[in-house]
Amino acid sequence: LLQLTLAYDLIEDELPEELKTKLKLMFRWAQGELIKLTNAWAGNWELTEALALLAISSKFNFNNSKLGLIKAEAVLRNTLNYFLNDGGWLEESAGYHNAVLNMVTWGAELLRFNGIDLYSVTRDGEPVIKKAAYWLWNVLDPRYRTPALEDSGDDMPNPDPFIVSGVRYNDPVLLKVGLRLMELGSRPTSLFSALALADGYDLVKSPIEPKHEHVTVLDDSGRFIVRSSDDLNATYFILDYGPHGAWHGHPDKLSFELHSNGEPLIVDAGSGGYYSDLHWKWSRRSIAHNTVTLEDKDQLETRGRLVRYWVNGNDVYAVFEANTYPGVNHKRGVVALGKLIYVILDKINGVGKFRWNLHCMGDVVYMKKNIVALSTGRTDYVIALPKTPEVTYGWRGHSVRTVYAYYEDYSNGELTMWGIVIPLKAEVSFNGSEVNITNGSLNYIVRPLELYNLLFNSGY
């Protein structure tokens, strides 16, 4: 109805009077129904209804148009309250964040035509819509695609909110993110982007270009992101320690994705689609995520915390924790060596048999004791573990088959688990407690137990 109203506005003068009369009757009837439906909750369905009501009430001077504007504005203003302080949407899914941000931006533009400014609404002194746009840009991988965390897919977001908010906030970074998305094939979904570009034509010439930080922490939504650079082939790591994410959240605390060489390698299950058994029987299971589980049981709907992190040259160190099951505390350490190799270390306090889960793109090339070598056809990479894993298969989205590798160990109260992801072709060997990694001039000696002690036993 939003798009239909906008289309009517564009071609109104070309329509015969009889058809215009029939369309106005339809719009007036729809407005009456939408006034009954529209309420203050701000989910994606409710936002769609509010936008339709706003468009009709803006275009037509019906008896209920003033009431329609008031109700639609109330929904949009209330929606801004559901963005977290770091700009993330409360449902935690980047896909739903993109959808809601699109609708909020369209609504802000329609309200702007009515003399109402939604762009000036702030939280902690910063505009909410601007923070929401930056949140989405901050979680995008080097291909400008969303990580498949929670009910999300490996998708490219719409350029509209970046273009529109970039112009409205006079922010060349956001505007150029939107233009970059268009270069990569993402297409605007409304005429608001074109109208905004007409207003911000000179902003395109700004020399300021988008550039991410080496480490990005989005603490309210619980996203920890490390990038080797902004290049297409950069190594990108994202870990989820945030709140559950309401209906679209998964029991996936301390799970992560790792992308390198322009493609995802270690992946989350994402969403299989709500009309697929795969979504309910696999995608939302804890074992479908790269975390530690108690046997194959699902975690509690909980949130974790970032205990601390630090950067030493090109290396990044971080510690997270979450109470993932009754009586179970999971501490996860992450060490990024040289912006390339990732060492994942886990300290489990609890009793039972625990499973270390990992989901990989591509196919197994070979296996030997404690080592799995894989290839996507484009990228060869290696996983090193303290035990030889079981290898089966899992799913990403509704149709992509993945390699599911896991190992299990029993805990009488405290358990050490770990794994190393080497996103390149390398020779890997074990020498006692050392893991030797070589690839031409690259030579790493990783001592997991020393890193474990550094992260967990250094008095933090």
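Start by selecting Trp418, which sits in strand 17 (residues 400–422); helices (H or I, at least four residues) and strands (E, at least two) are DSSP runs, numbered from the N terminus. You are looking at a predicted model, in which local features need pLDDT of at least 70, side-chain atom pairs count only at pLDDT 80 or more, and totals for chains, interfaces and linings use all residues. Residues are numbered from 1 along each chain as its sequence is written, and side-chain values use heavy atoms, with hydrogens and water left out.

**Stop one: around Trp418**

Is Trp418 buried or exposed? Trp418 is buried, with a relative accessible area of 9%. Here buried means under 20% relative accessible area, exposed over 50%, and partly exposed in between (1.4 Å probe, protein chains only). Now show its contacts (heavy atoms within 4.5 Å). Leaving aside residues up to four places away in sequence, Trp418 touches Ile344, Leu345, Trp356, Ala384, Leu385, Pro386, Tyr407, Phe430, Val435 and Pro448.

Two strands pair if DSSP finds at least two bridges between them, and strand 18 pairs with strand 19 (residues 434–439) in the antiparallel sense over five bridges. To see one of the bridges, pick Val428 and its partner in strand 19, Ile437.

**Stop three: helix 7**

Move to helix 7 (residues 160–168), where nine of nine residues are buried. What covers these buried residues? The cover includes helix 5 (94–113), helix 6 (128–139), helix 8 (172–183) and helix 9 (192–199). Just after helix 7, look for Asn170, which takes a positive phi of about 55 degrees.

**Stop four: pockets and a cavity**

On a 1 Å grid over the protein atoms alone, a cavity is a set of points where a 1.4 Å probe fits but cannot get out, a pocket is an open set with protein on both sides within 12 Å along at least five of seven lines, and lining residues have an atom within 4 Å of a point. Grid points are joined across faces, edges and corners, and a volume is the space filled by probe spheres set on the points.

The largest pocket holds about 270 Å³ of space. Of its 17 lining residues, Gly153, Asp154, Ser271, Gly397 and His398 are the closest to its centre.

The second largest pocket holds about 220 Å³. Select Leu6, Asp9, Lys59, Leu110 and Phe113, which lie nearest its centre among 13 lining residues. Helix 1 (2–11), helix 3 (44–59), helix 5 and helix 9 each give two or more residues to this lining, and the largest share, four residues, comes from helix 1.

Finish at the one cavity of 30 Å³ or more. Glu92, Ser93, Ala94, Trp135, Val139, Pro147, Leu149, Ser152 and Arg223 line the largest cavity.
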